[in-house]
Amino acid sequence: NIFSLRTSMFTQRMFHTISSRVSSPQLRLSLTKSLIPCALSIPLSRCCSMNPSRYFHTCFSSDNYSGVHPAVLQKLHQKNQEIPFAPAYSDHKQEVERSLRQRVFDNEGLDVWMVGIGTAANVLGIRTCLRSNYESVICASQSHIRVHELNCMELFSGAQVIEVPVDTETGGKIQIEQVRKILVPERDCHSTRPRVLSLTSPTEFGSVYTMHELKAFSELCKQYDMFLHLDGARFANAVAAMGGINAAVEIGKYIDVLSFGGTKNGMMGAEAVVFMNHPHRTPFHLDEFERIRKQGLQLFSKTRFLTYQFEALLEDDLWLKLGEKSNRYAKEIASAITELNSPLVSLHTPLETNQIFARVRRDLVTALNEEFKFYTWEELDDGYNIIRLVTSSEIPQDVVNVFIEKLQSLVKTLSTQKQ
């Protein structure tokens, strides 16, 4: 419950502070116990803010807020001891390439490159597929490359970005007929030539493109000599929702370029650009990607420490297990919302991955915000808000349970007051 979680977090913080200043174990314990009653008067969110490293424990704003998985930190420490010195710009990516080729995608021809942020993975991966700056990229109106990545695509590639309108009714997914209307009739010299179709899965609304949809888009791209890019910032969540590792193999057959997300899945500023290199489908400038990455400000000294993070999560399919875990957390919260069967709160879109969109009455939103952080997606005219809750594998199960208990308690209280 809220009390035990608040007390636990306060105690851990105070014990850490006392331990750094008091040498006697008995005195440490005595001082900590004497301070526990103070926790009763401190809101849970305040307890978290006292220790920034634990802030995300009450935060459902984004999986970007979460911490780094212990396996990643352990791998970094291990490799730092084993290989204290190495060429500054060496990726040390042989092990990661082997795992991706043999285990994840069953594709011996793919290439992988490390970058530090998702924007770079998207922009540089797509730019590699463009032949010239009079070409264009088709994407969803809510996609990151259109809405959340400034004008980086246009700046670094010179390409026009053509947006396709999407909404919650389609889960934020592009419909294939929308793309056909852009491609037919054939565009002449007065228009840019579409070269890349960029999809996001899961979408900004948490929906996943089905295998049937991906296959259809792949065939359309081949027909018009285009490349299919997948923004996989939450790729682990999409693959987990689609059935596991076999889904990754299948996805890899249909796409040409993948932005393989790591930061949202337990890594520390690590993303990968994966080129599938299907026969007769190799990006135009793949041989120059090292220069493209350098020009894109993503050639880091000690790049190997990005690679080691992928090594850690690719071992025993940990990356996929973490995606399954965060999806499960979201399912528990969504199920609790459905079971409440209350006019105060309901699901706004069907749940598929780790992003929950709920329609919540505004007074309930305010009450929840006192203890938990999340985004208000939209303020409606009828006194309700659309909120987004994003679960991370790094959130403790106890916090998910506490959120559900708090939601149930508030709904009961507010329902009684209304009556």
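The points below take up a helix pair, a loop residue and some aromatic contacts in this predicted model.

1. Helix packing. Two packed helices are described by the angle between their axes and the distance between the axes. For helix 5 (residues 94-104) and helix 14 (residues 304-314), the axes come within 9 Å and the crossing angle is roughly 35°. This crossing is left-handed.

2. Residues at the helix contact. Helix 5 contributes Glu-95, Val-96, Ser-99, Leu-100 and Val-104, while helix 14 contributes Thr-307, Phe-310, Glu-311 and Leu-314. Sorted by class, the contact has 5 nonpolar, 2 polar and 2 charged residues.

3. Asn-107 sits in the loop between helix 5 and strand 1 (111-115). Is Asn-107 buried or exposed? Its relative accessibility is 15%, so Asn-107 counts as buried, the cut-off for buried being under 20%.

4. Contacts of Asn-107. The Asn-107 side chain reaches two backbone nitrogens: that of Gly-109 at 2.8 Å and that of Leu-110 at 3.5 Å. Leaving aside residues up to four places away in sequence, Asn-107 touches Arg-101, Met-276 and His-278.

5. The structure holds 16 aromatic pairs. One of them joins Phe-235 and Phe-260 in an edge-to-face arrangement, with 5.2 Å from centre to centre and 65° between the planes. Phe-235 belongs to helix 11 (residues 235-241) and Phe-260 to strand 6 (residues 257-261), so this pair ties together parts that are 25 residues apart in sequence. Phe-235 counts as buried at 0% relative accessibility, and Phe-260 is buried with a relative accessible area of 2%.

6. A second aromatic pair. Phe-357 and Trp-377 are also paired edge-to-face, at 5.2 Å centre to centre and with 85° between the planes. Which parts does this pair tie together? Phe-357 lies in strand 9 (residues 355-361) and Trp-377 in strand 10 (residues 375-379), so the linked parts are 20 residues apart in sequence. Phe-357 counts as buried at 2% relative accessibility, whereas Trp-377 is partly exposed, with a relative accessible area of 32%.

7. An aromatic cluster. Phe-105, Phe-235, Phe-260, Phe-310 and Trp-319 form one aromatic cluster.

Definitions and conventions:
Residues numbered from 1 in each chain as written. Predicted model: local features only at pLDDT ≥ 70, side-chain atom pairs only at ≥ 80, totals over all residues. Heavy atoms only, no water. Axes fitted to C-alpha atoms, helices over the stretch in contact; angles between N-to-C directions. Helix = DSSP H or I, 4+ residues; strand = E, 2+ residues; numbered from the N terminus. Left-handed = near helix turned anticlockwise from the far one by under 90°. Contact = heavy atoms within 4.5 Å. Nonpolar A, V, L, I, M, F, W, Y, C, P; charged D, E, K, R; others polar. Buried < 20%, exposed > 50% of the residue type's maximum accessible area, 1.4 Å probe, protein only. Polar contact = N/O pair within 3.5 Å; in protein donor to acceptor, adjacent residues only side chain to side chain. Phe/Tyr/Trp six-rings, centres within 6.5 Å; stacked < 30°, edge-to-face > 60°.
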